[in-house]
Amino acid sequence: MNNIYPDDSLALHTDMYQLNMMKSYWELGDADKNAVFEVYFREHPFGIGYAVFAGLERVVNYVKNLSFTESDLDYLRETQDYPEEFLTYLKNFKFTGTIRSAIEGDLVFANEPIMQIEGSLAECQLLETTILNVVNYQTLIATKASEMKTVVGNDPLLEFGTRRAQEMDAAIWGTRAAFIGGADATSNVRASKIFGIPASGTHAHAMVQAYDSEYEAFMAYAKTHKDCVFLVDTFDTLKTGVPNAIRVADEMGDKINFLGVRLDSGDMAYISKQVRAQLDEAGYPDAKIYASNNLDSKTILNLKMQGAKIDVWGVGTRLITAFDQPALGAVYKLVSIEDKNGNMRNTIKLTSNAAKMSTPGKKQVWRITSNEKGKSEGDYVALWDERPDLEDELFMFHPIHTYINKTVENFTAVPLLKDIFADGELVYELPHLEKIKAHAKESLTALWDEYKRILNPEAYPVDLSQKAYDNKLAIIKETRKKMKALENK
Ligand SMILES: Nc1ncnc2c1ncn2[C@@H]1O[C@H](COP(=O)(O)OP(=O)(O)OP(=O)(O)O)[C@@H](O)[C@H]1O
Ligand SMILES: O=P(O)(O)OC[C@H]1O[C@H](OP(=O)(O)OP(=O)(O)O)[C@H](O)[C@@H]1O
Ligand SMILES: O=C(O)c1cccnc1
C-alpha cells in the first residue's frame, strides 16, 4: 500500500469479513435480500443480575452519517481487487433499513434481543462490527458503574478514569456510560463539555511537590480557588496532611469553602476514622473525606463494612476499564432471511451447548410488570406477530428448564425494542443525558432486590413464548435433519 489516507469516515470501521461478505452478496444478487439480525449477550457481566444498556446515541450518529467517502473508495481501489461497479455500489450506499433497540438506561438481560437490525442483507452485515464495538463497551461500563453505585449508596461516586482508560474514545464514551449507570460526576472536562456531565476535581500530588512545603501548596490552592479539597497523603496524612489542611482552612476562614480532604493511600478504614476525628475536633464536621486509590466495588464494600468514614468515592481504573471483566461478549446473529420465493425463513446457529443456541425468528421482548406489585415479573421473548400485551394471562416458563414456570395475571407488557430508524429515517429523538440517567435509576426500582444484589443474584426470568419455543425446536429438528441428509449423500 503506497498511500496513507485521511481518517474522514467511519464506513470502514468494520471487520474486513463484512466487506468480503458484502461483495459476495452484491456479486450474486443477494445484497438486497431482506434480513433480520439481533444483538444479545449470553451472561451478565461481573456476576450481577442485569446490565444497563448504553451506546445507542453513538450508534445513531454512526448510522445517520454512514457513507463511503472518496478516500474510503480510493483506499479500497488501491488495496482490494474490487470491480469499479462494486465501488460505485459502495459510493451510493446509505442505510435504508430499520433499527429497533432498547433505549439507553434500560435494564437488559442475558439471552434476549437488545437491538434488532432489519434491512438489506448487505447493509445489516456492514453495521455488525461497529454496533457491537460500541454497545459492548458502553453497556459494560454503564453496568459496572451501576454495580458501584449500588455499593456506595447515596454517597457521591466520581469518575476519575481518563488517565487509565483504553485511549481517548474509551475515556469519553466510558465516562458517559459511567454517568448513565451511576457516576455522579467526572474528572474529564471534555466529557463534561460535550455531554453536560458535572465536572469535579481536587488537585494532584504534583502540586504539593511543586511547593517548598505542604502548607504552602495548600495555601497556593486556597488563594486561587473558592472550593477547596486538599490531597493530604503526600507525606504523612495524620501528622502533616490533615493538620496543614486545617491550618489553611483556619487562616483563610470565609475566603474559601473548605469542602474536605482526599486520601489516596494507606489503610483507608483506619486513616479515614482518624481524619474524621481530626476534622471534627478542629470544628469542621461538614468537611468531607474523599477517597481514591484503585477502588472497586469489593474494596468499597469492605471499607464500608469496616466503618470507614469516607463520604465521596473517586474511582478510576477499575471502572473505566471494567477491570474484572473487560468484555461483555454481545453478539449479532442472523435470525431471519428472505428465501428464493420472497418469504422470510427463520435461521439458527446450532451448537452442542443449548444455552449458546440462538433463538430463530424476528422477535420482540416484552417486559412483564405486575400491576399489583409494580415490579418486573420477567421478560417474555415472543415472535414478532405475537401480542402478549393483549392477553389476560401469560404462561411463562424457563426456556431450558421448562418445568420452572408460572402463570401471570393482571400485568402490563411493555415492548423493550423501540423504533429508532424506520426505512433509513431516524424516528427516535435522542433524550438528554440527565433523562437517560434518571431512566436507569427508575428502571432499577422496578426490579426486585433479589435480582439486584451484587453477589449471587437470583436469575431474572427471560422466557420464550410458547410459539417462539416451538419454532426454535422445529427449526433445530429441521436443520439437524438437513445436516443428516447431507452426511448420507
Ligand atoms: N482498609 C482497607 N480494606 C481493604 N482495602 C483497602 C483498605 N485500605 C486501602 N485499601 C485498598 O487496598 C489497596 C492498597 O493498594 P496499594 O498497595 O497501592 O496502596 P498504598 O498503601 O496506598 O500504596 P501506594 O502509595 O502505592 O498507593 C488499594 O486498592 C486500596 O484502595
Ligand atoms: O486509582 P484509580 O481508581 O485509577 O483513580 C485514579 C488515580 O489517579 C490519580 O493517581 P495518579 O498516581 O495517577 O496521580 P496523582 O499523582 O495525582 O496521585 C489519583 O490519585 C487516583 O489514585
Ligand atoms: O480530581 C481528582 O482528585 C482526580 C482526578 C483524576 C484522577 N485522580 C484524581
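Analyst: Two strands count as paired if DSSP finds at least two bridges between them. The model is a predicted one. In it, E38 has K333 of β12 as its bridge partner.

User: What makes β1 and β12 a pair, and in which sense do they run?

Analyst: The rule asks for at least two bridges. Strand β1 (residues 34-40) and strand β12 (residues 331-338) are joined by 6 bridges and run antiparallel. The two strands therefore pair under the rule of at least two bridges.

User: Which other strand does β12 pair with, and over how many bridges?

Analyst: β12 is joined to strand β13 (residues 344-346) by 3 bridges, again in the antiparallel sense. Within that pair, E338 lies opposite M344 of β13. The hairpin of β12 and β13 has 5 residues between the strands, and G342 there has a positive phi near 85 degrees.

User: Why is α1 called roughly antiparallel to α5?

Analyst: An angle over 145 degrees counts as roughly antiparallel. Helix α1 (residues 16-27) and helix α5 (residues 121-152) pack at about 180 degrees, and their axes are 9 Å apart. The angle is over the cut-off, so α1 is roughly antiparallel to α5.

User: Which residues make that contact, and of what classes are they?

Analyst: From α1 come Q18, M21, M22, Y25 and W26, and from α5 come L121, A122, Q125, L126, E128 and T129. The contact of α1 with α5 divides by class into 7 nonpolar, 3 polar and 1 charged residues.

User: What does UniProt list for residues 12-136?

Analyst: The unreviewed UniProt entry gives "domain: Nicotinate phosphoribosyltransferase N-terminal" for residues 12-136. In the model, that stretch is 44% helix and 17% strand, with its end C-alpha atoms 19 Å apart.

User: Why are β7 and β8 said to stand at the edges of their sheet?

Analyst: The sheet is open and has 6 strands in the order β7-β6-β11-β10-β9-β8, with parallel pairing. β7 (185-186) and β8 (227-231) each have a single partner strand, so one side of each lacks a neighbour in the sheet.

User: How do you know that β8 is paired with β9?

Analyst: β8 and strand β9 (residues 257-263) share 5 bridges in the parallel sense. Since at least two bridges are required, the two strands pair. F230 stands opposite V261 of β9.

User: Which strands are at the edges of the 4-strand sheet, and why?

Analyst: That open sheet has the order β18-β14-β15-β21 and mixed pairing. β18 (411-415) and β21 (462-464) are the edge strands: each has a single partner strand, so one side of each has no neighbour in the sheet. The twist from one strand to the next averages 30 degrees.

User: What does UniProt list for residues 362-471?

Analyst: The unreviewed entry lists "domain: Nicotinate phosphoribosyltransferase C-terminal" for residues 362-471. Over that range the chain is 21% helix and 37% strand, and the end C-alpha atoms are 11 Å apart.

User: What puts a residue in the shell around ligand 1, and which residues are there?

Analyst: The test is a C-beta atom, placed from the backbone, within 6 Å of the molecule. Ligand 1 is surrounded by S265, G266, D267, M268, A269, N293, N294, L295, T299, N302, L303 and Q306. α11 (268-281) and α12 (297-305) each supply at least two residues of this shell, and the largest share, 3 residues, comes from α12. By class, the shell around ligand 1 has 4 nonpolar, 7 polar and 1 charged residues.

Terms used: Residues are numbered from 1 along each chain as its sequence is written. Chains are lettered from A and ligands numbered from 1 in the order in which they are written. This is a predicted model: local features need pLDDT of at least 70, side-chain atom pairs count only at pLDDT 80 or more; totals for chains, interfaces and linings use all residues. Ala, Val, Leu, Ile, Met, Phe, Trp, Tyr, Cys and Pro count as nonpolar, Asp, Glu, Lys and Arg as charged, and the others, Gly among them, as polar. Axes are lines fitted to C-alpha atoms, for helices over the stretch in contact, and angles run from 0 to 180 degrees between N-to-C directions. Angles under 35 degrees count as roughly parallel, over 145 as roughly antiparallel, 65 to 115 as roughly perpendicular and the rest as oblique. Two residues are in contact if their C-beta atoms, placed from the backbone, lie within 7 Å. UniProt positions are given in the numbering used here, feature names are shortened, and annotations may be inferred rather than shown by experiment.
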